[in-house]
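Dear colleague,

I am handing over the structure below, together with some notes on what turned up in it. Please read them alongside the sequence and the coordinates.

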Amino acid sequence: MSGRTLSHRPERRPVKIVAAEVIVTSPNRNFVTLKITTEDGITGLGDGTLNGRELSVASYLTDHVVPLLLGRDAHRIEDTWQYLYRSAYWRRGPVTMAAIAAVDVALWDIKAKAAGMPLYQLLGGASRNGIMAYGHASGRDLPELFDSVRKHLALGFRSIRIQTSVPGIDAVYGVAAQTEGERYDYEPAQRTPLPVEEDWDTRAYLRHLPGVFEAVRNEFGPELPLLHDGHHRMTPIQAARLGRDLEPYDLFWLEDCTPAENQEALRLVRQHTTTPLAIGEVFNTVWDYQTLIREQLIDYVRSAVTHTGGITAMRKLLDFAAQYQIKSGIHGPTDISPVGMAAALHLDLAIHNFGIQEYMQHGPLTDEVFRQSFTFADGYLHPGEQPGLGVELDEQAAARFPYVAAYLPVNRLKDGTVHDW
Ligand code: KDG
Ligand code: MG
């Protein structure tokens, strides 16, 4: 055996990437899509949408990533991920990780198309028959909220997020505009030259919210899974109080109760409440969860495939979480494109520690641009059986909707101080 060298006999020839195009389109809202083409003529799609900062990802992809992709073997997904993550030297951050996600998901789409299988089959096959989804109900008062819950139940949702206005606050996160035709949709990014300014008062919110959940439970009974998003607005002790006050209403989760940067904050919240906690939609790597997962300070991982480096990174993050009985709750508002949603659905179906999937339906123009093969029935999503992700981009339709600048709102307290939105 002496003098043995590492030898390698390739099982197949490399399949080169010959084109990578960044497509920015704004049917109902802005989306950034990466389309990768191989020398065999297979195309793959990836989502790099970052709400309110779309052009930064488009530029990062066009200027710094596309030139590195051309000529690479499309099938070396892990190697390409590590190459993009480590070669930049400047690691992490939402722009970088959304760009890496777009590449990663497009390469998984290509690999699954080449295999002739829906992507979930390459991820280990289905671990369940369908993906439980939750929808977003909201209202300015209880009658509007109940109406919205009923509307979501009629649409087929069997788990529902509850967001409500608060007396004395003009505009609260998650409450739909209530204008004709848009009553059940909530799109926070506004197509205005400057961010819209909203107002906030945490004490008023803490006083109001438990009564709303009591009313919803009285109206809809004990079984319906209910969720709520605190959208990073509380201090740890305020969040601890809210979690405790909501315990009688048996929430599926309380999301983003404190600002996400401080992992230790969740230790204090956890000491005071048994309300399950979800966090992570603004995170972009596993490192943001290191303390949260190791110390079991949360119950659900809220990252988006689109903002966390794609399927390759999400799979590792969720496997890490699984060792601690922490489940998935993949981010799925309308600022995740149908491509990013499809990636989430394939992962949801395959992993063991699936929890729930957020599902906010896209508008009709978006569905015209992105042809999708997923289904939604009786509260459950399924990604479908098309090879790859199961999403096609109609580029002619996309070209009809050029980018329109849009910003997420800014939040201020009554005295004018900027607060977490
Ligand atoms: O772009 C911001 C949205 O992604 C975010 O506000 C949605 O909090 C959100 C959620 O839980 O869907
Ligand atoms: Mg949220």
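To begin with the ligand, a polar side-chain atom of R161 lies 3.4 Å from an oxygen atom of ligand 1, which falls under the definition of a polar contact as a pair of N or O atoms within 3.5 Å (within protein, one atom must be able to donate a hydrogen and the other to accept it, and residues adjacent in sequence count only if both atoms are side-chain atoms). R302 likewise places a polar side-chain atom 3.0 Å from an oxygen atom of ligand 1, and for H331 an N or O atom of the side chain is 3.4 Å from a ligand oxygen. On its own, ligand 1 has 330 Å² of accessible area, of which the protein covers 93% (areas come from the Shrake-Rupley method with a 1.4 Å probe, and for residues only the protein chains shown count as cover).

Before going further, please note that this is a predicted model, in which local features need pLDDT of at least 70 and side-chain atom pairs count only at pLDDT 80 or more, while totals for chains, interfaces and linings use all residues. Residues are numbered from 1 along each chain as its sequence is written, chains are lettered from A and ligands numbered from 1 in the order in which they are written, and side-chain values use heavy atoms, with hydrogens and water left out.

Around ligand 1 there are 15 residues, of which N51, H231, E281, D335 and E358 come nearest (a residue is near a molecule or strand if one of its heavy atoms lies within 4 Å of it). Sorted by class, this shell holds seven charged, four polar and four nonpolar residues, where Ala, Val, Leu, Ile, Met, Phe, Trp, Tyr, Cys and Pro count as nonpolar, Asp, Glu, Lys and Arg as charged, and the others, Gly among them, as polar.

H231 is found in the loop between strand 7 (226-229) and helix 7 (236-246), with helices (H or I, at least four residues) and strands (E, at least two) taken as DSSP runs numbered from the N terminus. H231 has a positive phi of about 50° although it is not a glycine, and its relative accessible area of 5% makes it buried (buried means under 20% relative accessible area, exposed over 50%, and partly exposed in between, with a 1.4 Å probe and protein chains only). E358, for its part, makes a side-chain polar contact of 2.7 Å with H136, a residue of strand 4 (residues 131-139) that is buried at a relative accessible area of 9%.

A positive phi also occurs at R92, which is not a glycine either and has a value of about 65°. R92 sits in the loop between helix 2 (77-87) and helix 3 (94-115) and, at 35% relative accessibility, counts as partly exposed. As background, most residues other than glycine have a negative phi.

Q163, in strand 5 (residues 160-164), is buried with a relative accessible area of 3%. Its side chain is joined to that of H228 by a polar contact of 3.4 Å, and, not counting residues up to four places away in sequence, Q163 touches several others, including A137, L145, Y173 and D229 (contact means heavy atoms within 4.5 Å).

Turning to the aromatic rings, a search of the whole structure finds 17 aromatic pairs; rings of Phe, Tyr and Trp (its six-membered ring) pair if their centres lie within 6.5 Å, and planes under 30 degrees apart count as stacked, over 60 as edge-to-face and the rest as tilted. One of them joins F283 and Y289 edge-to-face, at 4.7 Å centre to centre and 80° between the planes, and both F283 and Y289 are buried. Another is formed by Y359 and F376, whose centres are 5.2 Å apart and whose planes stand at 65°, so this pair too is edge-to-face. The pair links distant parts of the chain, 17 residues apart, with Y359 in the loop between strand 12 (356-358) and helix 12 (364-369) and F376 in strand 14 (residues 375-377); Y359 and F376 are both buried. Ring pairs also link Y134, F252, W253 and Y300 into a cluster.
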